[in-house]
Amino acid sequence: MSSTNTATPSSPSAVDAAPQPSSTPTGNISRDAVDAMPQPSTQKDDADETCDPDALLSPDRVASSPLPGVVLLKNALDEAGQREALAWALRHGIDRKAWLDADGALNAPRQFRGRCYDAVEAVDPRAGALSDALQEAARRAYKEVDPVGASTTHLLMLFYAKLERGLGWHRDNGRSDGRDLTPVVSLSLGAACSFRMKHGPNDPETTVVLESGDAILFGGPARHIMHAVTDLQKGTCPAHLRDMVRGRVPGDPAEWRLNLTWRHAPELRGLEGGDRFHILGSPTATFVATAREKGLAAARAEANARKLARKQKKARRRFGTDCALGAGCDRPCCAPRTTRTHLDFVKPAEEEPPPPPPAYLMVLYLVGPVALGVGAARVARWVFEGGA
Ligand SMILES: O=C(O)CCC(=O)C(=O)O
Ligand SMILES: [Fe+2]
């Protein structure tokens with residue numbers, strides 16, 4: 001992907017002909033059955049050359065760590081690398097309709113976004129190697145970002161077709177976000193934005209600017225950090241990417257942002273055909289029936305209302321509270337089950353030995369018994385010798 005990379009990007013036709021991972025409908029698969037499925041090994045092989053960041057990333061990248069467990073790679077991808085990653089995303093999102101509804105519109109219309117979540121290799125055969133290279137570069141600079149050392153398995157792609165809306169505060173701890181501390185690997189293309197982080201709702205914020213080609217990884221002690229995307233900046237999409245989207249996506253070809261986020265969720269392998277992956281893009285039977293009868297907007301509204309009602313009912317039943325609904329809800333109904341914070345990584349301080357007693361006490365301890373002995377001897381002599 002960089003100037004040092006000799007591999008040429010695959011042509012769309014070659015990639016389309018590449019074997020795709022098998023999909024299994026989610027409906028009838030129990031949790032136990034999923035756990036029993038053969039899981040491909042995702043542990044990295046040290047000898048695996050595809051993980052070499054120097055072959056895939058820009059030689060001009062600069063690593064820094066704004067918080068323990070977070071690594072920012074400025075200029076992770078050069079122009080050629082950015083164009084290649086954008087080409088995969090457009091092919092999967094637009095040509096293969098992963099970002100589109102049945103009616104051809106972007107599938108997260110309220111946010112004016114296209115959204116899809118899929119197995120890494122379903123998006124592109126090189127997507128896994130790019131994630132490995134980003135992880136390796138981050139780990140070389142800051143070891144603790146990747147305590148697990150596993151390759152990511154899934155890729156979420158969010159196409160922000162308008163810059164008005166970012167993404168609210170949340171943690172990546174949902175069912176499809178992975179269960180361990182392998183870093184989330186996040187690559188930005190197109191318009192610049194602010195990426196904000198904080199450990200807890202009342203903790204201080206750290207903000208970095210993400211520009212096209214930058215990557216940010218958060219793993220280990222920061223794996224469940226809260227984050228938000230704001231201030232998407234007009235006029236910052238690089239010219240070398242604009243032509244690629246012109247006429248292919250709704251909206252202004254100069255004003256969009258694309259985020260590619262890799263995650264390690266091997267327990268979800270083989271389930272990629274199911275509803276939970278193509279949120280709004282692969283609707284349930286009820287959704288389809290309602291959409292036929294009343295139209296898409298009504299079907300979405302009803303599906304959302306059903307979801308909220310279920311959430312409220314569960315919150316009342318289990319916690320005796322209403323749910324505040326949304327990323328900002330800090331009631332027990334929304335308390336994440338798998339979240340670990342940086343505090344879990346702080347070693348308990350070793351017990352300090354008690355400070356030595358002050359000097360005058362030491363003197364008293366030493367001299368006291370002698371003085372007492374001498375005094376007692378004098379008294380005894382006085383008594384036995386008749387006070388003479
Ligand atoms: O758009 C981004 O940079 C972040 C996306 C994100 O945090 C998410 O999808 O969970
Ligand atoms: Fe996130």
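Visitor: In which loop is Lys 97 found?
Guide: This is a predicted model, where local features need pLDDT of at least 70, side-chain atom pairs count only at pLDDT 80 or more, and totals for chains, interfaces and linings use all residues. Residues are numbered from 1 along each chain as its sequence is written, while chains are lettered from A and ligands numbered from 1 in the order in which they are written. Helices (H or I, at least four residues) and strands (E, at least two) are DSSP runs numbered from the N terminus. On that basis, Lys 97 is in the loop between helix H4 (79-95) and strand S3 (113-119).

Visitor: Is Lys 97 buried, exposed or partly exposed?
Guide: A residue is buried if 20 or more other C-beta atoms, placed from the backbone, lie within 10 Å of its own, exposed if 12 or fewer, and partly exposed in between. Lys 97 is not a glycine, yet its phi is positive, near 65°. Since Lys 97 has 16 C-beta neighbours inside 10 Å, it counts as partly exposed.

Visitor: What is phi of Phe 112 near?
Guide: Phe 112 is also in the loop between H4 and S3. With 18 C-beta neighbours inside 10 Å, Phe 112 is partly exposed. Its phi is positive, in a residue other than glycine, and is near 50°.

Visitor: Which strands each supply at least two residues of the shell around ligand 1?
Guide: A residue is near a molecule or strand if its C-beta atom, placed from the backbone, lies within 6 Å of it. The surroundings of ligand 1 include Leu 156, Asp 172, Ser 186, His 227 and Asn 259. The strands that each give at least two residues to this shell are S4 (154-160), S6 (184-190), S10 (226-230) and S11 (257-263).

Visitor: Which residues does UniProt list for "binding site"?
Guide: The listing comes from an unreviewed UniProt entry; positions follow the numbering used here, feature names are shortened, and annotations may be inferred rather than shown by experiment. The entry gives His 170, Asp 172 and His 227.

Visitor: With which residues is Asp 172 in contact, leaving aside its neighbours within four places in sequence?
Guide: Asp 172 has its place in the loop between S5 and S6. With 20 C-beta neighbours inside 10 Å, Asp 172 counts as buried. Contact means that two C-beta atoms, placed from the backbone, lie within 7 Å. Outside four places in sequence, the contacts of Asp 172 are Asp 177 and Val 184.

Visitor: How far apart in space are Arg 171 and His 224, C-alpha to C-alpha?
Guide: Arg 171 is in the loop between S5 and S6. Its 17 C-beta neighbours inside 10 Å make Arg 171 partly exposed. Arg 171 and His 224 are 53 residues apart in sequence, but their C-alpha atoms are separated by 5.6 Å.

Visitor: How many residues of H6 are buried?
Guide: Helix H6 covers residues 127-141. H6 is largely enclosed by the rest of the structure, because the buried share of its 15 residues is 13.

Key. The expected span of a helix is 1.5 Å times one less than its number of residues.
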